[in-house]
Amino acid sequence: MDPVCSSESIYNLIPSDWKEPPRPPRYVSVFKAAVKDDKQKFKTAMKTMGPAKLEVPSPKDFLKKHSKEKTLPPKKKFEWNEPRKPPVPLRMDHPVMGIQSEKNFINTNTADVIMGVAKKPKPIYVDKRTGDKHDLETSGLVPKYINKKGYGVTPEYIRKRNEEVKKAQEEYNYIQENLREAAMKRLSDEEREAVLQGLKKNWEEVHKEFQSLPVFIDSISKKIRKQKLEEEMKQLEHDIGVFEKHKIIYIANK
């Protein structure tokens, strides 16, 4: 059967011997010869331990004595045209005599000592019987903080906190006064529970009425009715949340 044609072809009615197609030639790289030559060349060059050609050290280059010590730079040659220091005076040379100053050093030193302020000793303290001395200024024993500019003044954060507390107390007193004027009445636990149950019952009734609305709202009156029921349910949910959150409820007597 010819594999090229389908099984339903008219050419497949007569069976025929299937011949295996010839295999394509094997792929051979064009760089095979060059790679083989390079490999053989480098392989022949590295047959011994290490590179084939090494520079043999000369017998004259042996390590000599003091060869690794640092050598001093060469001495600079003196030139006569450079400036030179004055020579040392000779033993026979004598200093210039007869020069006198008008300043009276004895009287000047005496006046400086009399008018000068005596040097105060450094304050120290001894903490052991062996006489160990320490600086008194950095010991914390000197009351130097009382001489600071802001000593005894109330800090800024404390004044702000006192003002906030005072303001909060005034607001609390104002609220208490308004409560007294309005004669607010506190609901008992039974009354609060009764009001809460009544709100929940009203919500159930409104919710039942909301669910009774038709699915298809095609008139303005139905839309208004739906919005009104939604607003009533939101208000009841808000009131129920307030009563459940707060345990103490006040109401006006009016």
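Predicted model: local features only at pLDDT ≥ 70, side-chain atom pairs only at ≥ 80, totals over all residues.
Visitor: Which side chain meets Asp 218 in a salt bridge?
Guide: A salt bridge needs a side-chain nitrogen of Lys or Arg within 4 Å of a carboxyl oxygen of Asp or Glu. Here the N to O distance is 3.4 Å.

Visitor: How many salt bridges does the structure hold?
Guide: For the structure, the number is 5.

Visitor: How many residues apart are Arg 159 and Glu 156?
Guide: Arg 159 is partly exposed at 35%, and Glu 156 is partly exposed at 43%. Both lie in helix 3, where about one turn of the helix separates them, and the spacing is 3 residues.

Visitor: Which residue forms a salt bridge with Lys 200?
Guide: The closest N and O atoms of this pair are 3.4 Å apart. The bridge links distant parts of the chain, with Lys 200 in helix 4 and its partner in helix 5, 44 residues apart.

Visitor: Arg 192 is buried yet has no salt bridge, so what is the nearest side chain of opposite charge?
Guide: Arg 192 is found in helix 4 and touches residues including Phe 243, Glu 244 and His 246. A salt bridge needs the atoms within 4 Å. The nearest side chain of opposite charge is 4.3 Å away, and it belongs to Glu 193.

Visitor: What kind of charge does the surface patch with Glu 193 have?
Guide: Glu 193 sits in helix 4 and is partly exposed at 36% relative accessibility. Asp 189, Glu 190 and Glu 191 gather with Glu 193 on the surface, and the charge of their patch is negative.

Visitor: How far apart in space are His 207 and Tyr 250?
Guide: His 207 is found in helix 4 and is partly exposed, with a relative accessible area of 24%. In sequence, His 207 and Tyr 250 are 43 residues apart. In space, C-alpha to C-alpha, the distance is 28 Å.

Technical notes:
Residues numbered from 1 in each chain as written. Heavy atoms only, no water. Helix = DSSP H or I, 4+ residues; strand = E, 2+ residues; numbered from the N terminus. Buried < 20%, exposed > 50% of the residue type's maximum accessible area, 1.4 Å probe, protein only. Lys, Arg positive; Asp, Glu negative; His and termini not counted. Contact = heavy atoms within 4.5 Å. Patch = residues over 30% accessible without salt bridge, like charges linked within 9 Å, V, L, I, M, F, W, Y side chains within 5 Å. Areas by Shrake-Rupley, 256 points an atom, 1.4 Å probe, with all protein chains shown as cover. Charge placed at Lys NZ, Arg CZ, Asp CG, Glu CD. Lists of a residue's contacts leave out its neighbours within four places in sequence.
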